[in-house]
Amino acid sequence: MMGHSHALSGAVGWMALVPVLDGTEVLGITFHMGPGEIIAGALVCAGSALIPDLDHKSATITQTYGIVTKTLGAFLNWAFGGHRNGTHSLLFALIMGAIAQGTSLWSEMAAQIFVFLLIGIAFNGLGFGMDKNRTASGVINAMVTAGITLALYSAGTDYTWLGAAVALGCLLHFAGDIATHMGVPLLWPFSGYRVGQNIGFKTDGKVERNVVTPALTIAVVLYGFYLFDWPELLPRS
């Protein structure tokens with residue numbers, strides 16, 4: 001799927017998982033899903049849903065942070081056997097989730113930086129930018145992303161779920177690509193079999209543009225109404 005569809009699927013996937021995660025304890029970690037965690041998780045998962053395509057030089061995520069993401073993308077392309085190979089495997093999702101979780105446990109500042117980067121990627125993937133003026137777009141994206149990250153920090157947002165959100169974003173990316181013609185090698189490096197190959201719809205075709213993307217957008221809005229206690233959040237007159 002296209003970048004915006006992947007990003008939307010990440011946001012929807014996290015919001016759908018919130019009722020399940022809230023209050024649940026996994027490996028000694030208890031998930032508390034307040035408004036800050038819902039918003040941060042949706043944005044982080046949206047950004048993470050673009051990570052597997054970092055192995056493609058023209059992907060949205062590869063262009064987001066200039067030479068940094070381009071260099072990292074070239075390395076991942078080499079290390080994982082090219083586009084839609086190792087970076088589209090269950091092993092890769094596990095590695096990314098472990099890195100994110102380790103970051104959140106190691107340093108609060110590192111976690112904030114990680115979140116900042118993923119939120120910026122999410123906004124870029126969702127199309128919040130101006131193609132005719134990439135410099136201005138990048139500055140505006142960074143300012144908005146920094147503002148949101150700071151607001152989440154000030155609100156005391158807990159990031160113990162960071163690894164789960166990143167891994168989920170990767171898995172949702174795989175699900176989206178499985179739904180297209182290309183499929184993905186989920187069991188790489190043990191098997192090169194592409195799950196879903198030659199079965200699904202065409203990337204950026206009529207199904208994605210007219211059905212998938214609108215449905216995901218509507219789902220984000222509906223979950224927004226369902227998950228938040230708006231009477232308590234809105235200022236009272």
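Let's start on helix H5, where the face turned away from the buried side carries the exposed residues Leu 94, Leu 105 and Trp 106; exposed means over 50% relative accessible area, buried under 20%, and partly exposed in between, with a 1.4 Å probe and protein chains only. This is a predicted model, in which local features need pLDDT of at least 70 and side-chain atom pairs count only at pLDDT 80 or more, while totals for chains, interfaces and linings use all residues. Residues are numbered from 1 along each chain as its sequence is written, and side-chain values use heavy atoms, leaving out hydrogens and water.

Now turn the helix over. Among the buried residues of H5 are Phe 92, Met 96, Ala 100 and Thr 103. An α-helix has 3.6 residues a turn, so residues three or four places apart point the same way. The cover over this buried side includes strand S2 (29-30) and helices H4 (67-79), H6 (108-125) and H8 (162-178).

Next come the rings. The structure holds 5 aromatic pairs, counted when ring centres of Phe, Tyr or Trp (its six-membered ring) lie within 6.5 Å; planes under 30 degrees apart are stacked, over 60 edge-to-face, the rest tilted. Trp 14 and Trp 161 make a tilted pair, 5.2 Å centre to centre with 45 degrees between the planes. This pair links distant parts of the chain, 147 residues apart. Together with Tyr 159, Trp 14 and Trp 161 form one aromatic cluster.

Conventions: Helix = DSSP H or I, 4+ residues; strand = E, 2+ residues; numbered from the N terminus. Contact = heavy atoms within 4.5 Å.
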